Amino acid sequence: MSRSSGDHVPPATASGDRLAVIASHLSSSRLNSPASMAGEKDAALAAEPVDGPTMKEISSQVVYEDQKILAFRDISPQAPIHIIIIPKVKDLLSRLSKAEERHVEVLGSLLYAAKIVAKQEGLEDGFRIVINDGPKGCQSVYHLHVHLLGGRQMNWPPD
């Protein structure tokens, strides 16, 4: 795994890479819940969509940040490299199926950020992008986010 010293990787802070991100991404109640321990499918079925702002300070390793996008390591990785990429402004975009024409720019920014992070992480041989949408899509966090997975051979179909 390599990481370039590009302009998009924020420096570590004295508090150990603390940042404000969407609470539901790394909420300790979600991590310690029986649904989380039983699997992502159960967590998705138990999740409640939230469209309001839910900010919380958490501890995570930021790997990319620009004016619109924040990317950080997943604390429950499903691959050797598992990065969560989120828009900084939710703008009522809780899931991809709720996207409107006004969201085109941020959707493109999410995918472009994934490309930059994949390169930083040394994923030249390939990676997978996942966007879960709704309960049947196994979405357990109702803030649009992209999973960047890599560092191992992916299988198809994914299940």
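Visitor: What makes the pair formed by H143 and the side chain of H145 a polar contact?
Guide: The backbone oxygen of H143 lies 2.7 Å from a polar atom of the H145 side chain. A polar contact is a pair of N or O atoms within 3.5 Å, where within protein one must be able to donate a hydrogen and the other to accept it, and residues adjacent in sequence count only if both atoms are side-chain atoms; the 2.7 Å pair is therefore listed as one. This is a predicted model, in which local features need pLDDT of at least 70, side-chain atom pairs count only at pLDDT 80 or more, and totals for chains, interfaces and linings use all residues. Residues are numbered from 1 along each chain as its sequence is written, and side-chain values use heavy atoms, with hydrogens and water left out.

Visitor: Why is H145 called buried?
Guide: Buried means under 20% relative accessible area, exposed over 50%, and partly exposed in between (1.4 Å probe, protein chains only). H145 has 6% relative accessibility, so H145 counts as buried.

Visitor: Which residues are in contact with L96, leaving aside its neighbours within four places in sequence?
Guide: With contact meaning heavy atoms within 4.5 Å, L96 touches L107, I131, D133 and L144. The C-alpha atoms of L96 and I131 are 7.6 Å apart, although 35 residues separate the two along the chain.
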